[in-house]
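Me: I've got this model open and I'd like a close look at one part of it. Could you walk me through it in one go?

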Amino acid sequence: MTAIAKPKKNVHDNHNSDTQARNLISKRTNLLFNILLVVMCILVIFPLWIILISSFTSESSLSQYGYRLWPMEWSTMAYSYLFRDGSIMVTAYKNTLIATVSGTIISVITVGLYAYALSRPDFKFRKFFTFFSFFTMLFSGGTVSYYNMCRSVLGLKDTVWALFLPMAFSAYWVIIMRTFYQSNVPEAIIESARIDGAGEWRTLIQIVLPLAVPGFATVALFSAIGVWNDFRQCLLLNDSSEYYNLQYTIYQTMNNLRFLKENASRMGGVSVSNLPSETFRMAMAVVTVGPIILAYPFFQQYFVKGLTVGAVKG
Amino acid sequence: MSQTTVKKKKKSSMAGGRKRQGAYLLMVLPGVLFLLAFAYLPMPGALLGFKFYQMTVPKPGDLFQNVFLNSLVKSEWVGLSNFTYLLKDAGMLIRNTVGYNLVFMVIGVVLQVGLAVIINEMRNRKTAKVYHTIMFMPYFVSWIVVMYALYAMISATGFINATFKAGGADYIRFYSEKKYWPWIFIIAQAWKYTGQGSIIYLATLTGFDEQLYEAGAIDGASKWEQFRYITLPQLMPTIVMLQILAIGRIFNGDFDMFYSLPNGSGTLRTVTQTIDVYVYDTLKKGNLRNSFGYAGAAAFFQSIVGFVLILLTNYIVRKHQPEMALF
């Protein structure tokens, strides 16, 4: 069928009579698309490349020639200073790691349990608890109230808890997880476990859990990325640098740097060269984003899954 | 499963009913605690917007021994006066928040649908996957790292100034010139979300019936015509529904982006401040009297308009495409 269509469809298509299993674009268009996507990919990588390369540039060359595609002079000084004892980055890394691990574990457990109950047709209060979690997606008390409640009433101000507890549970993940149970765990399996005399908890742990692993992975990864990349919670809730996470630490450093640089002339005596190292800061950005970029290709599929459910329902 | 299973199921659901409900309740309990603490507890605090907030240290015997709760209760009701205070900035804030969101939506649709279609049409499937993996990556890069990348691009010694004004003193002062910022936000959004946004379109595209395209090809439709008359009409419901859902959140900005990218530059305020940023900035003016009241009013406005918009947009979606509706 397609063989008949081919000559009409595209005169440039001469060489694909055997690959023409389906109705494909011409080779020329395909080449154009490839070029376009290579350009787009370069644009995506470019800003990150500049950060990476400048972190390996010597400070003097960076301040003399500015940010370039390729360093005038290589240096790994920035990295050797990065993880010295007592460096703010050590604290920030420690806090972020603790928060990410704890937050992810809590998310998986709480969301996994909540969504499972909601996925069970025989749960009497199913409607109520669906609405109870769903309503939080519609209405919020606003940042001001949230800020005060978390800091003063719940006592989260200046704690590591502030970096993950408020983000641990989300109605949006409950929807993803519930959809997952409903589509991946056949009702018949749960029934037969029940007939064999397994209680609700045993059914969940021994039967449902192994089947729902990809769903848990999706929630875990969303949660981990959320905590790792969090800036707002830390900005709102933590004032003491002892409890800063990575994003907030590097935000603070950058903010101070630009301010100092722009006002250097007005502050008589302070010369730009005396200011804390710019390459050092770029190295901070590299170690902040590095783990995520290295790990993400392996986890991409789970995000795609979560986002296809979530884009519509979230 | 055979019929006997069905019979047994009925029996077991009657026998273990109460115990099972107890187990389910125990399962939702942790989640309920989280929702209560971080979502429901702050809700009554929305009333801050109608109060003149004054810090009142609780005396013994007061209902709430917590300073904030006590102040919330004891502060004087002032009706809508906090809202009238906001009026002078309201135009700018709404223009920025809604305006940017609308532009992001339009540009986002074009880029995301375009990318999805191109990736879907590519003959070299494996390379197409690699492209998509790379395009998806920025979604995982925090706005703070984007702020660093931006700084490396546009600061005095940044890539743009270093490349185009090599040695010259008259560099472009991006951080103090308003005219560049709408473009910076648009580019940053496109950079971060094009790959991620295309996922839903890609998933929809792959579900289309191949026979339609074959029939189109037989009728002599070029690939462009197939896109125009087969792909696009089929994709339209998804596009429209996603935009309607986005309108429901049009008063919410990407706080991290608007707050961090300008790098604290006050001169840019009128083109970079959105409602979320305004709420935070006002909230942080601890020395200003009633800053909680004013910020609370702005936050309340945002919450309530968002609430109404989501209900409205969801109503529209449910009417036309029930499976895409939130509820």
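This is a predicted model: local features need pLDDT of at least 70, side-chain atom pairs count only at pLDDT 80 or more; totals for chains, interfaces and linings use all residues.

Into which domains is chain A divided? Start from there, and then take me to the place where H2(A) meets H6(B).

Reply: Chain A splits into domain 1, covering 2-80, and domain 2, covering 86-313. Where these two touch, domain 1 of chain A puts in ten residues and domain 2 of chain A also puts in ten. On the domain 1 side, the elements giving two or more residues are helix H2 (27-55), helix H3 (59-65) and helix H4 (77-82) of chain A. H2(A) has the largest share of that side, with four residues. By class, the domain 1 side comes out as five nonpolar, four polar and one charged.

Now to the other chain. In total, 99 residues of chain A are in contact with 95 residues of chain B. On the chain A side, helix H14 (residues 278-313) supplies the largest share, 15 residues. That side of chain A is made up of 59 nonpolar, 26 polar and 14 charged residues.

H2(A) turns up here as well, against H6(B). Packed helix pairs are described by the angle between their axes and the distance between the axes. For H2(A) and H6(B), the axes come within 9 Å and cross at roughly 80°. The two helices therefore count as roughly perpendicular, since the angle falls in the 65 to 115 range. From H2(A), the contact uses A:Pro47, A:Leu48, A:Ile50, A:Ile51 and A:Ser54, while H6(B) brings B:Tyr148, B:Ala149, B:Ala152 and B:Met153. Sorted by class, that makes eight nonpolar residues, one polar and no charged ones.

Setting aside its neighbours within four places in sequence, B:Tyr148 is in contact with A:Ile51, A:Met254, A:Met282 and A:Ala285. B:Tyr148 also belongs to the largest nonpolar core, which has 157 residues. Those with the most contacts inside this core are A:Ala117, B:Tyr148, B:Ala149 and B:Ala152. The biggest contribution to the core comes from helix H6 (residues 143-154) of chain B, with twelve residues.

A:Asp158 has a positive phi of about 55°, although it is not a glycine. You'll find A:Asp158 in the loop between helix H7 (143-153) and helix H8 (171-184) of chain A. A:Asp158 counts as partly exposed because it has 16 C-beta neighbours inside 10 Å.

Terms used:
Residues are numbered from 1 along each chain as its sequence is written. Chains are lettered from A and ligands numbered from 1 in the order in which they are written. Two residues are in contact if their C-beta atoms, placed from the backbone, lie within 7 Å. Ala, Val, Leu, Ile, Met, Phe, Trp, Tyr, Cys and Pro count as nonpolar, Asp, Glu, Lys and Arg as charged, and the others, Gly among them, as polar. Domain bounds come from an automatic or database domain assignment. A nonpolar core is a set of buried Ala, Val, Leu, Ile, Met, Phe, Trp, Tyr and Cys residues joined through C-beta atoms within 7 Å. A residue is buried if 20 or more other C-beta atoms lie within 10 Å of its own, exposed if 12 or fewer, and partly exposed in between; C-beta atoms are placed from the backbone. Axes are lines fitted to C-alpha atoms, for helices over the stretch in contact, and angles run from 0 to 180 degrees between N-to-C directions. Angles under 35 degrees count as roughly parallel, over 145 as roughly antiparallel, 65 to 115 as roughly perpendicular and the rest as oblique.
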